[in-house]
Amino acid sequence: MIDVNLLGLLYCTHAALPILGEQGSGHIVNISSVAGRFANFGSAVYNLTKFGVNAFSEALRQEVAPANVKVTVIEPGFVTTELQGHNTHPMVLETIERMRDEIGEPLAADDIAQAILYSVAAPDRVAVNEMLVRPAGQRR
């Protein structure tokens with residue numbers, strides 16, 4: 001989780017920044033989670049990585065703004081993905097099912113793609129720095 005959510009993000013950003021700086025503009029979009037704002041029992045490492053994505057994105061935004069590079073962090077709530085199928089821990093599975101029952105219809109991957117498109121299609125004068133996207137029925 002740390003390798004993908006934090007180190008992967010760092011390595012990709014490190015590779016992209018020289019190119020964006022050379023061309024004098026660009027846009028980095030990082031994917032975090034509602035879990036980057038609210039910690040939950042049983043999700044400590046996931047919360048750690050997503051809080052880290054949020055903090056990194058905000059600091060990076062401040063650092064690259066003078067180079068005309070925008071940074072957006074998208075924070076999805078409950079999204080139906082194949083990730084849920086990879087979990088085997090009974091407590092995690094129970095939490096997923098409880099959330100699904102409470103929320104009703106979760107987000108789809110296309111909902112997140114639309115959020116990304118909105119942020120990158122904004123006029124040059126507009127920087128969408130952070131976007132929290134939840135299913136309508138999600139309380140937290």
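This report covers the sheet, the helices on it and the nonpolar cores of a predicted model.

Local features need pLDDT of at least 70 and side-chain atom pairs count only at pLDDT 80 or more, while totals for chains, interfaces and linings use all residues. Residues are numbered from 1 along each chain as its sequence is written, and side-chain values use heavy atoms, without hydrogens or water.

**Sheet.** Three strands make an open sheet, ordered β1-β2-β3, with parallel pairing. Strands (E, at least two residues) and helices (H or I, at least four) are DSSP runs, numbered from the N terminus. Pairing requires at least two DSSP bridges between two strands. Neighbouring strands are turned by 20° on average, direction ignored. β2 (residues 69–76) and β3 share four bridges. Glu-75 has Leu-132 in β3 as its bridge partner.

**Helices.** Angles run from 0 to 180 degrees between N-to-C directions, on axes fitted to C-alpha atoms, for helices over the stretch in contact.

| Helix | Strands | Angle to β1 |
|---|---|---|
| α1 (residues 2–23) | touches β1 and β2 | about 165° |
| α5 | lies across β1, β2 and β3 | about 150° |

**Cores.** A nonpolar core joins buried Ala, Val, Leu, Ile, Met, Phe, Trp, Tyr and Cys residues through side-chain atoms within 4.5 Å. Buried means under 20% relative accessible area (1.4 Å probe, protein chains only). The largest core has nine residues, including Ile-74, Leu-107, Ile-112 and Met-131. α5 (109–120) and β3 (130–133) each supply at least two of its residues. Another core, of six residues, lies apart from it and includes Ile-28, Val-64, Val-69 and Val-71.

Key
Buried means under 20% relative accessible area, exposed over 50%, partly exposed in between (1.4 Å probe, protein chains only). Contact means heavy atoms within 4.5 Å.
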